[in-house]
Amino acid sequence: GLAAFSLNERNTVMGNKCLKYFRRMKKLGSTNAPPAYFFIAALKRPTKKAFIAAIDSCTEASMPHLEAMARERYAMFLLTRNELELANSHITSAYWLYYDWGAHGKSFSLEREYPFVKAAKRTKAGSHVSSGTATKHTSVNGSVIESGKVVKRKGTFEYNSTLSRRELVKS
């Protein structure tokens, strides 16, 4: 459904079927349907209002993976309208959402494509952007970004269920 309106015209039949399905599920009270419905609708007919509805629905449903995708697609839409500052804000938010969700490959891909996200700082996980002073972020492969430079560390990650976070265990 999400890809149907993003790839090319011949997928619109499948996209419309998905949109109809999620509209029906939303009306039946499915709590997971509104974010998908609003996001597909925004991809079908991109407007600021449609993307904001999709982003808000994803946030309300606690779906950071879908919210990250919606923010990234909204940023692409804004770039076509030359609204660079707002687009950069949504790209940065998408970066942190991908990162927090664990999609480190995607977040590093955004870093390479949009170098300004390297300078984005925040005070705590869960806040998309802030002016905090945190300068260290660890990737899945053990690399650490310190002051904008990637430093390799040997070790593996271990999930600490008590603290609900992943930690680098040096080997």
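## A nonpolar core and the helices around it

In this predicted model, the largest nonpolar core has 30 residues, and those with the most contacts inside it are Phe-39, Phe-51, Tyr-74, Tyr-95, Tyr-98 and Leu-110.

| Helix | Residues |
|---|---|
| Helix 7 | 104-113 |

Helix 6 gives the most to this core, with eight residues. Let's look at that helix next. From its first C-alpha to its last, helix 6 reaches 25 Å with its 18 residues, close to the 26 Å expected at 1.5 Å a residue. Its buried residues are Ala-87 and a run from His-90 through Ile-91, Thr-92, Ser-93, Ala-94, Tyr-95, Trp-96, Leu-97 and Tyr-98 to Tyr-99. Just after helix 6 comes Gly-102, with a positive phi of about 105°.

Now for helix 7, where the buried residues are His-104, Ser-107, Phe-108, Leu-110 and Glu-111. Viewed down the helix axis, these buried residues fall within an arc of 155°, so they line one face of helix 7. The face turned away from that buried side carries Gly-105, Arg-112 and Glu-113, which are exposed.

Which residues does Tyr-95 touch, leaving aside those up to four places away in sequence? They are Ser-107, Leu-110, Glu-111 and Val-117.

Technical notes: Residues are numbered from 1 along each chain as its sequence is written. This is a predicted model: local features need pLDDT of at least 70, side-chain atom pairs count only at pLDDT 80 or more; totals for chains, interfaces and linings use all residues. Side-chain values use heavy atoms; hydrogens and water are left out. Buried means under 20% relative accessible area, exposed over 50%, partly exposed in between (1.4 Å probe, protein chains only). Helices (H or I, at least four residues) and strands (E, at least two) are DSSP runs, numbered from the N terminus. The arc is that of the directions from the helix axis to the C-beta atoms. A nonpolar core is a set of buried Ala, Val, Leu, Ile, Met, Phe, Trp, Tyr and Cys residues joined through side-chain atoms within 4.5 Å. Contact means heavy atoms within 4.5 Å. The expected span of a helix is 1.5 Å times one less than its number of residues.
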